[in-house]
Amino acid sequence: MNYRRLILAMALTLPLAGAAQAQADLSNVQVRAERIKPGVAVLFGSGGNIGVSYGEDGTVLIDDEFAPLTARIQAAIAGLGASPVKFLVNTHWHADHTGGNENFGKAGVTIFAQDNVRVRMAAGGLVNGARTEPAPKVALPVVTYETGLTFHLNGDTIDVIHTGGGHTDGDSLIYWRNANVLHTGDMMMHRSGFPFVDVNSGGNVGHLISSIDQMIALTNADTVIIPGHGPLADRAALLAWRGMIATAKERVERLKDQGRTLAQAKAAKPLAGLSNAPNGFVSDDAFVEAIWVSAEGHHHH
Ligand SMILES: [Zn+2]
């Protein structure tokens with residue numbers, strides 16, 4: 001696979017953010033809509049999975065992938081019989097979830113996100129080594145919140161909740177109470193290997209586990225889960241996801257408590273065989289390091 005194809009494949013499937021994806025060729029990407037419940041759908045394209053609430057009160061979008069896909073996203077929404085987007089919620093600041101903000105902002109859409117999302121988008125920064133430039137004003141959330149807010153529309157009550165983050169310091173989950181649908185943002189990535197804990201964006205493995213526990217408490221066996229990346233999931237998959245992360249954390253912290261260095265902990269290969277997708281985006285070593293840094297409480301603001 002040559003470099004261009006590799007970058008394209010990564011953009012299609014992996015939770016990268018930043019320059020590599022911005023440069024990827026998105027011209028062949030199709031945005032596919034799937035109805036989940038009456039008035040609730042998911043759009044799969046390239047980047048983070050998009051949630052949609054639609055109906056008599058207007059269309060709400062959860063995340064918006066990359067700028068070159070905006071027209072295809074709008075076409076997929078029209079294909080559902082939904083009106084043009086009225087409100088947009090960003091689950092976190094990464095470019096594969098907020099890349100369409102400038103286009104939607106210019107179209108008059110009101111953008112919502114947790115306080116830290118706006119701060120990080122305005123400042124720009126490094127994500128997994130790739131630079132994200134500061135966002136223009138029109139792309140920034142205009143309504144922010146610390147712990148959450150609730151939409152009352154389209155026959156449902158839709159909670160947007162910041163549970164303390166974990167993937168970053170600005171993650172929100174979205175829960176449709178009546179439809180019983182949960183969008184996890186990147187706090188869950190299904191069948192994609194280890195989680196990406198972006199410690200440079202305030203992510204922390206301990207916070208991630210506590211956020212997952214709050215998601216588990218919201219759900220039951222009938223809940224349909226839209227993960228940040230990967231196919232639709234359910235509560236059993238969320239429980240397995242939690243188990244994998246907690247086991248990894250325990251193994252790495254045991255080595256740390258024994259006085260090993262980070263290099264020694266990586267060399268001990270404590271996560272061998274644990275990943276649900278061995279060729280996933282986050283390597284064993286990268287996850288060991290994220291757990292290690294999380295345990296030290298390092299935050300790079
Ligand atoms: Zn992300």
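**Helix α8 and its partners**

Guide: In this predicted model, α7 and α8 are roughly antiparallel to each other, because their axes cross at roughly 155° and angles over 145 degrees count as roughly antiparallel. The axes of α7 and α8 come within 10 Å, and α7 passes α8 in a left-handed crossing. On the α7 side, the contact is made by Val205, Leu208, Ile209, Ile212, Met215 and Ile216, which meet Leu238, Leu239, Trp241, Arg242, Ile245, Ala246 and Lys249 of α8.

Helix α8 itself runs over residues 235-257, and its 23 residues, at 1.5 Å a residue, should span 33 Å; the end C-alpha atoms lie 32 Å apart, which agrees with that expectation. Just after α8 comes Gly259, whose phi is positive, at about 90°.

The buried residues of α8 are Leu238, Trp241, Ile245, Ala248, Val252 and Leu255. Among these, Leu238, Trp241 and Ile245 also belong to the contact with α7, whereas Ala248 and Val252 take part in the contact with α10. What covers the buried residues of α8 includes the helices α7 (205-218), α9 (262-267) and α10 (284-295), together with the strand β14 (224-226).

The packing against α10 has another geometry: here the angle is about 65°, with the two axes 9 Å apart, and α8 and α10 are therefore roughly perpendicular to each other. The crossing in which α8 passes α10 is right-handed. From α8, the residues Ala248, Lys249, Val252, Glu253 and Lys256 meet Phe287, Val288, Ile291, Trp292 and Ala295 of α10. Lys249 is listed in this contact with α10 and also in the contact with α7.

Along the principal axes, the C-alpha atoms fill a box of roughly 60 × 40 × 35 Å, and 50% of the 301 residues count as buried. Of the contacts with a separation of 6 or more, 65% are between residues 24 or more positions apart.

Conventions:
Residues numbered from 1 in each chain as written. Predicted model: local features only at pLDDT ≥ 70, side-chain atom pairs only at ≥ 80, totals over all residues. Buried ≥ 20, exposed ≤ 12 C-beta atoms within 10 Å, placed from the backbone. Contact = placed C-beta atoms within 7 Å. Helix = DSSP H or I, 4+ residues; strand = E, 2+ residues; numbered from the N terminus. Expected span 1.5 Å × (residues − 1). Axes fitted to C-alpha atoms, helices over the stretch in contact; angles between N-to-C directions. Parallel < 35°, antiparallel > 145°, perpendicular 65-115°, else oblique. Left-handed = near helix turned anticlockwise from the far one by under 90°.
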